[in-house]
Amino acid sequence: MKKIQMVDLVGQYQEIKEEVNVAVQQVFDTAAFINGPEVQAFQKELEDYLGIKHVIPCANGTDALQIAMMGLGLKPGDEVITADFTFAATVEVIALLGLTPVLVDVDPETYNIDPVAVEKAITAKTKAIVPVHLFGQCAPMDALLQIAEKHQLFLIEDNAQAIGATHTFKDGSKKKAGTMGHVGATSFFPSKNLGCYGDGGAIFTNDDELAHYIRGIVNHGMYERYHHDVIGVNSRLDSVQAAVLRAKLPRLDAYCERRREAARKYNLAFQGNKAIILPKTVNNCGTICSTCDCHVFHQYTLRITNGKRDALATHLAEKGIPFGIYYPIPLHSQKAYKDTRYKEADFPVTNQLVKEVISLPMHTELDDEQIGFITQTILNFI
Ligand SMILES: *Cc1c(COP(=O)(O)O)cnc(C)c1O
């Protein structure tokens, strides 16, 4: 059996090696390293794929979130509501900009932000909501869009984990993850579903004026060369990364389908086990979990409900099976983000999830033998 990886980027590269090497060589040969034709072409191709007017490439997903918030003109003291159960980048940029993060609990079935908790957290200072499309599945956008409209709030999608996912609205219409709010942010970190070979990110919007403003922000606040109209940052996607992404974008849907295929096999093996809660897809499209593009399985995450999560983790490590605990500590309990206004009783779901979740190897190169070994090892132990 091939050695099991959490994410098999080497295996994936082998399949596209020739195409990537030619594309990257061309960047070297022309030395158009920054803002070259590859970046422009990738931007256009991603706009077409997502069905959005503007993609603004930048240096990484964390920058994308920060720049989105700068673009919307959020000011120190403004409150921004986001999920307690996510990667720290989301709350980090809120705090960095001097905005006030307001963490709320998540839904027990999807682990995505809970709209009821969001609405409860709204005050006169609230300016934006940042749902995270966690593990590859869209947050409840029907409810969130309604809340945003009712309270006149910006909706900023953290789409670092769900590029390629499609959300079906209650009226049957569909949109790609990251294109539903005022602005979306994504990451091309190597292990993400659309990953480059270094750091990369992008901001999405349909708003022409906002797009123009953001294009200046990513480039030192310049709209005309050496005229600095606003305080900006230096955040660029380099041409080498764009060349890699151009080779991978046409394969994104197939990559997501391979992830779903692995998820279906995991589900089949684990279903019916009383100590295991499978990932659940909750959507409006009428299909069942892992059969349609509602979920792109950035992570395949189980809940181990018999108190043996940590013992299982140790066992997997002994057997050479990689795993991830996403996430082991609620953000509201992290030293950097503690706030006296948070009460433990407000986070029952996150507090439970951090003790039970475990993410299994999930990537485009998993084979049946590996999945069989992983599932048997887990079932034997449980
Ligand atoms: C990966 C990730 C980010 C940050 O992306 P980087 O490119 O690593 O800066 C932000 N939010 C979430 C939810 C992520 O998973």
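How many Å is an oxygen atom of the ligand from an N or O atom in the side chain of T62? The separation is 2.5 Å.

## Basis of the model

The model is predicted, with local features requiring pLDDT of at least 70 and side-chain atom pairs counting only at pLDDT 80 or more, while totals for chains, interfaces and linings use all residues. Residues are numbered from 1 along each chain as its sequence is written, and side-chain values use heavy atoms, with hydrogens and water left out.

## Ligand surroundings

The ligand is surrounded by 13 residues, where a residue counts if one of its heavy atoms lies within 4 Å of the molecule. G61, T62, D158, S187 and K192 are the closest.

From G61 it is a backbone N or O atom, 2.7 Å from an oxygen atom of the ligand. From S187 it is a polar side-chain atom, at 2.6 Å from an oxygen atom of the ligand.

Domain 1 gives 43 residues to the contact and domain 2 gives 35 residues, contact meaning heavy atoms within 4.5 Å.

About 3,300 Å² is buried between the two domains, 52% of it on carbon and sulfur atoms. Buried area is the accessible area (1.4 Å probe) that two parts lose on being put together, summed over both. On the side of domain 1, F85, Y111 and F135 lose the most area to domain 2, together 22% of what that side buries.

## Polar links and salt bridges

The interface of domain 1 and domain 2 holds 15 residue pairs in polar contact, both residues at pLDDT 80 or more. A polar contact is a pair of N or O atoms within 3.5 Å; within protein, one must be able to donate a hydrogen and the other to accept it, and residues adjacent in sequence count only if both atoms are side-chain atoms.

There are 2 salt bridges between the domains, each a side-chain nitrogen of Lys or Arg within 4 Å of a carboxyl oxygen of Asp or Glu. R341 and E79 form a salt bridge through their side chains (3.8 Å, N to O). By this rule the count comes to 19 salt bridges. Another pair is R246 with E38, at 3.4 Å, N to O. R246 lies in helix α8 (residues 239–248) and E38 in helix α2 (residues 37–50), so this pair ties together parts that are 208 residues apart in sequence. Helices (H or I, at least four residues) and strands (E, at least two) are DSSP runs, numbered from the N terminus.

## Backbone exceptions

Most residues other than glycine have a negative phi, and most peptide bonds are trans. Y326 and Y327 are joined by a cis peptide bond, with omega about 5 degrees. Y327 sits in the loop between α10 (309–318) and α11 (348–356).

Q152, which is not a glycine, has a positive phi of about 55 degrees. The loop between α6 (141–150) and β5 (154–158) contains Q152.
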